[in-house]
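Subject: Structure for your review

Dear colleague,

Please find below the structure that I am handing over to you.

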Amino acid sequence: MSYTINAQTRTEIGKGSSRRLRHAGQVPAVIYGPSNEPVSIKFAHKDIINIQLNDDFYTTDLTIVVDGKEIKVRVQAVQRHAFKPMVEHIDFKFA
């Protein structure tokens, strides 16, 4: 199954800005890999909460649309809240 996530680049980086994003219903994330610059992104929590429950979300290539440009990625790490059903941060790798 193929997944597509719409995202926007984020310019503010750090703990405070990430907390503000989470409070606004957004998930901060980063895309990194060899020979490419890391890209900090954000997307809506409602877009990720249900699809991250599927096993193939972690094993297949995903498509992230950032500013109209499609990027193929794989999930590297997911940080979840300790007891709430919330995703706090996701690391993606270029596929």
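Two residues are taken to be in contact when heavy atoms lie within 4.5 Å, and an angle between two axes runs from 0 to 180 degrees between their N-to-C directions. With that in mind, helix H1 (residues 15-23) lies across strand S2 (26-33), strand S3 and strand S6 (87-94), and runs at about 130° to S2. Please note that this is a predicted model.

Overall fold

The UniProt record, an unreviewed entry, places the feature "domain: Large ribosomal subunit protein bL25 L25" at residues 5-92. The end C-alpha atoms of residues 5-92 are 12 Å apart, and this span is 15% helix and 51% strand. A barrel is closed by 6 strands in the order S1-S3-S2-S6-S5-S4, with mixed pairing. From one strand to the next, the twist averages 45°. Strand S1 (residues 4-9) and strand S3 (residues 36-44) run antiparallel and are joined by 2 bridges. Within this pairing, Gln8 stands opposite Lys42 in S3.

The nonpolar core

The largest nonpolar core has 21 residues, of which Ile41, Phe43, Ile48, Phe57, Ile64, Ile90 and Phe92 touch the most other members. Two or more residues of this core come from each of S1, S2, S3, strand S4 (62-66), strand S5 (69-80) and S6. In soluble globular proteins, nonpolar side chains tend to be buried together.

- Not counting residues up to four places away in sequence, Phe43 touches Ile5, Asn6, Ala7, Gly25, Gln26, Val27, Ala29, Ile48, Ile90 and Phe92.
- Ile5 is found in strand S1. Because its relative accessibility is 1%, under the 20% limit, Ile5 counts as buried. Its contacts beyond four places in sequence are Phe43, Ile48, Ile51, Phe57, Thr63, Ile64 and Val65. Ile5 and Ile48 are 43 residues apart along the chain, yet their C-alpha atoms are separated by 7.8 Å.
- Pro28 is found in strand S2, and counts as buried at 0% relative accessibility. Leaving aside residues up to four places away in sequence, Pro28 touches Arg10, Ser18, Leu21, Arg22, Ile41, Glu88, His89 and Ile90.

Aromatic pairs

How many aromatic pairs does a search of the whole structure find? The search finds 3. One of them is the tilted pair of Phe43 and Phe92, at 6.4 Å centre to centre with 50° between the planes. This pair links distant parts of the chain, since Phe43 is in strand S3 and Phe92 is in strand S6, 49 residues apart. Phe92 is buried, with a relative accessible area of 0%.

The rings of Phe57 and Tyr58 have centres 5.1 Å apart and planes at 85°; because that angle is over 60 degrees, the pair is edge-to-face. Is each of these two partners buried or partly exposed? Phe57 is buried, with a relative accessible area of 0%, whereas Tyr58 is partly exposed at 29%. Tyr3, Phe57 and Tyr58 form one aromatic cluster.

With kind regards

Technical notes. Residues are numbered from 1 along each chain as its sequence is written. This is a predicted model: local features need pLDDT of at least 70, side-chain atom pairs count only at pLDDT 80 or more; totals for chains, interfaces and linings use all residues. Side-chain values use heavy atoms; hydrogens and water are left out. UniProt positions are given in the numbering used here, feature names are shortened, and annotations may be inferred rather than shown by experiment. Helices (H or I, at least four residues) and strands (E, at least two) are DSSP runs, numbered from the N terminus. Two strands pair if DSSP finds at least two bridges between them. Buried means under 20% relative accessible area, exposed over 50%, partly exposed in between (1.4 Å probe, protein chains only). A nonpolar core is a set of buried Ala, Val, Leu, Ile, Met, Phe, Trp, Tyr and Cys residues joined through side-chain atoms within 4.5 Å. Rings of Phe, Tyr and Trp (its six-membered ring) pair if their centres lie within 6.5 Å; planes under 30 degrees apart count as stacked, over 60 as edge-to-face and the rest as tilted.
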